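Here is a short briefing on one protein model. Please look over the sequence and the structure first, then read the points below.

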Amino acid sequence: PVLAVVALHLAYWHRSWRPIVLGTGGVFGMICLVASMKLILGRSHPRTNDPSFFTEGGVSFPSGHGANAILIYGLVLFLIVRYRAVRPHIVPRLAYCIAGIAFLQAVVSIYLHFHWFSDLATGMVAGAFALRRHRHLPAVGRGLRTHRLRRRAPRVGAAPSGTARAH
């Protein structure tokens with residue numbers, strides 16, 4: 001919900017579909033990456049005490065929780081920085097919060113035996129990889145600027161296009 005709220009707010013504020021497209025594209029790409037890795041590698045759950053790969057029905061590796069922690073909150077930070085929604089001195093604090101969320105999520109997942117440590121580490125690397133790839137999408141999606149959510153009203157006192165303002 002955090003990414004959706006930030007993307008919708010920025011889309012409304014900047015009158016552009018780009019934040020929504022960037023957010024949904026990043027999440028969709030990460031889901032495809034992690035799901036395909038889970039199906040190919042097939043690792044069993046930690047509660048089975050069998051850490052081997054290529055087991056029947058195993059979908060523990062890589063951790064989608066770890067990938068989500070890095071990608072989703074990383075996209076939130078990326079959108080906030082990209083659209084200058086906060087002051088620059090706040091950005092490192094937000095990055096520390098993301099690292100804290102990822103660390104806390106990893107500790108809880110290991111403690112509750114949801115994932116092996118290597119599952120979480122690989123999931124976080126996959127999330128970081130998807131985030132890194134996703135950083136290049138704004139250059140590809142520049143044509144979306146022409147598709148505004150709605151037209152902005154002309155400023156009061158603005159001269160019509162093509163004419164000079166009378167003094």
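Arg-15 is buried, because its relative accessible area is 17% and buried means under 20% relative accessible area, exposed over 50%, partly exposed in between (1.4 Å probe, protein chains only). Arg-15 sits in the loop between helix 1 (2-14) and helix 2 (18-41). Helices (H or I, at least four residues) and strands (E, at least two) are DSSP runs, numbered from the N terminus.

This is a predicted model: local features need pLDDT of at least 70, side-chain atom pairs count only at pLDDT 80 or more, and totals for chains, interfaces and linings use all residues. Residues are numbered from 1 along each chain as its sequence is written, and side-chain values use heavy atoms, with hydrogens and water left out.

**Overall layout**

- The protein has six helices and zero strands.
- Along the sequence, the pattern reads α-α-α-α-α-α.
- Of the 167 residues in the protein, 33% are buried.
- Among contacts (heavy atoms within 4.5 Å) with a separation of 6 or more, 70% join residues 24 or more positions apart.
- The protein exposes about 11100 Å², and carbon and sulfur atoms supply 68% of that area. Accessible areas come from the Shrake-Rupley method with a 1.4 Å probe; for residues, only the protein chains shown count as cover.

**Loop between helix 1 and helix 2**

- Arg-15 has a positive phi, near 55 degrees, and is a residue other than glycine. Most residues other than glycine have a negative phi.
- Trp-17 lies in the loop between helix 1 and helix 2. Trp-17 counts as partly exposed because its relative accessible area is 41%.
- The C-alpha atoms of Trp-17 and Ala-7 are 9.0 Å apart, and the two residues are separated by 10 residues along the chain.

**Helix 3 and its ends**

- Helix 3 covers residues 64-82, which is 19 residues. From its first C-alpha to its last, helix 3 reaches 25 Å, close to the 27 Å expected at 1.5 Å a residue. The expected span of a helix is 1.5 Å times one less than its number of residues.
- At the start of helix 3, a side-chain oxygen of Ser-63 comes within 3.2 Å of the backbone nitrogen of His-65.
- Just after helix 3, Arg-84 takes a positive phi of about 50 degrees.

- Ser-109 lies in helix 4. Ser-109 is buried because its relative accessible area is 4%.
- Not counting residues up to four places away in sequence, Ser-109 touches Phe-114, His-115 and Leu-120.
- Leu-112 lies in the loop between helix 4 (91-111) and helix 5 (117-134). Leu-112 counts as partly exposed because its relative accessibility is 35%.
- The C-alpha atoms of Leu-112 and Arg-47, 65 residues apart along the chain, are separated by 9.4 Å.
- His-113 also lies in the loop between helix 4 and helix 5. His-113 has a positive phi near 60 degrees. At 45% relative accessibility, His-113 is partly exposed.

**Surface patch**

- Leu-104, Val-108, Tyr-111, Leu-112 and Phe-114 form a nonpolar patch on the surface. Together they have about 500 Å² of accessible area.
- Patches are made of residues with over 30% relative accessible area and no salt bridge: like charges are joined within 9 Å, nonpolar side chains (Val, Leu, Ile, Met, Phe, Trp, Tyr) within 5 Å. A salt bridge is a side-chain nitrogen of Lys or Arg within 4 Å of a carboxyl oxygen of Asp or Glu.

Notes:
A polar contact is a pair of N or O atoms within 3.5 Å; within protein, one must be able to donate a hydrogen and the other to accept it, and residues adjacent in sequence count only if both atoms are side-chain atoms.
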